[in-house]
Amino acid sequence: MVRKETVRKPKKRIVIIILSIVLILCCIPFAKTTMEDGGTWVYMAVGYKVVDWNRYQTDSGDKMYRYQNTCVYPFPLNFLSEDRLWEIYH
């Protein structure tokens, strides 16, 4: 029995190490893009998307203003396009 327990410990360690690496990779942003709408920046990882909104808008009186905000969109919303996220949340 002692031999089986010693065999399981390295397997558990390997599983924990692999899961830790996958979790870390899901949190590291791998894409950074700029949109041509006033300077919106998009940072994307597997588990989330950060959009630094910077858009020019017009109000009902045709007065122009700049909308600035930073939003974090968790999985699965991170796979939606920035235009779709804008339609849904703003």
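The conversation below sets computed values against the definitions of the terms.

Guide: This is a predicted model, in which local features need pLDDT of at least 70 and side-chain atom pairs count only at pLDDT 80 or more, while totals for chains, interfaces and linings use all residues. Residues are numbered from 1 along each chain as its sequence is written, and side-chain values use heavy atoms, with hydrogens and water left out.

Visitor: What makes up the secondary structure of the protein chain?

Guide: The protein chain has two helices and four strands, in the order α-β-β-β-β-α along the sequence. These are DSSP runs numbered from the N terminus: helices are H or I with at least four residues, and strands are E with at least two.

Visitor: Why is the protein chain called more spread out than a compact globule?

Guide: The radius of gyration, taken over C-alpha atoms, is compared with a globule rule of 2.2 Å times the number of residues to the power 0.38. For 90 residues that rule gives 12 Å, whereas the protein chain has 21 Å, well over that value; therefore the chain is more spread out than a compact globule. Along the principal axes, its C-alpha atoms fill a box of roughly 80 × 20 × 15 Å.

Visitor: How many disulfides are there, and by what rule?

Guide: A disulfide is a pair of cysteine sulfur atoms within 2.5 Å. By this rule the count is zero. The closest cysteine sulfur to that of Cys26 belongs to Cys27 and lies 6.5 Å away, so the distance is too far for a bond. Cys27 is likewise in no disulfide.

Visitor: Why are Cys26 and Cys27 called partly exposed?

Guide: Buried means under 20% relative accessible area, exposed means over 50%, and partly exposed lies in between, with a 1.4 Å probe and protein chains only. Cys26 has 25% relative accessibility, so it counts as partly exposed. Cys27 has 44%, and therefore it is partly exposed. Of the 90 residues of the protein chain, 20% count as buried.

Visitor: Is Met64 buried or exposed, and how do you know?

Guide: Met64 has 57% relative accessibility and therefore counts as exposed. Met64 is found in strand β4, residues 64–74. Contact means heavy atoms within 4.5 Å; leaving out residues up to four places away in sequence, Met64 touches Tyr56, Gln57 and Thr58.

Visitor: What makes Pro29 partly exposed, and where is it found?

Guide: Pro29 has a relative accessible area of 42%, so it is partly exposed. Pro29 is in the loop between α1 (2–27) and β1 (31–34). Apart from neighbours within four places in sequence, Pro29 is in contact with Met44, Ala45 and Tyr48. The C-alpha atoms of Pro29 and Val50 are separated by 9.1 Å, although these residues are 21 residues apart along the chain.

Visitor: Why is Gly38 called partly exposed, and which residues does it touch?

Guide: Gly38 has 28% relative accessibility, and therefore it counts as partly exposed. Gly38 lies in the loop between β1 and β2 (41–44). Not counting residues up to four places away in sequence, Gly38 touches Asn54, Tyr56 and Arg66.

Visitor: What kind of peptide bond joins Phe75 and Pro76?

Guide: A cis peptide bond joins Phe75 and Pro76, with omega about 5°. Pro76 is found in the loop between β4 and α2 (82–89).
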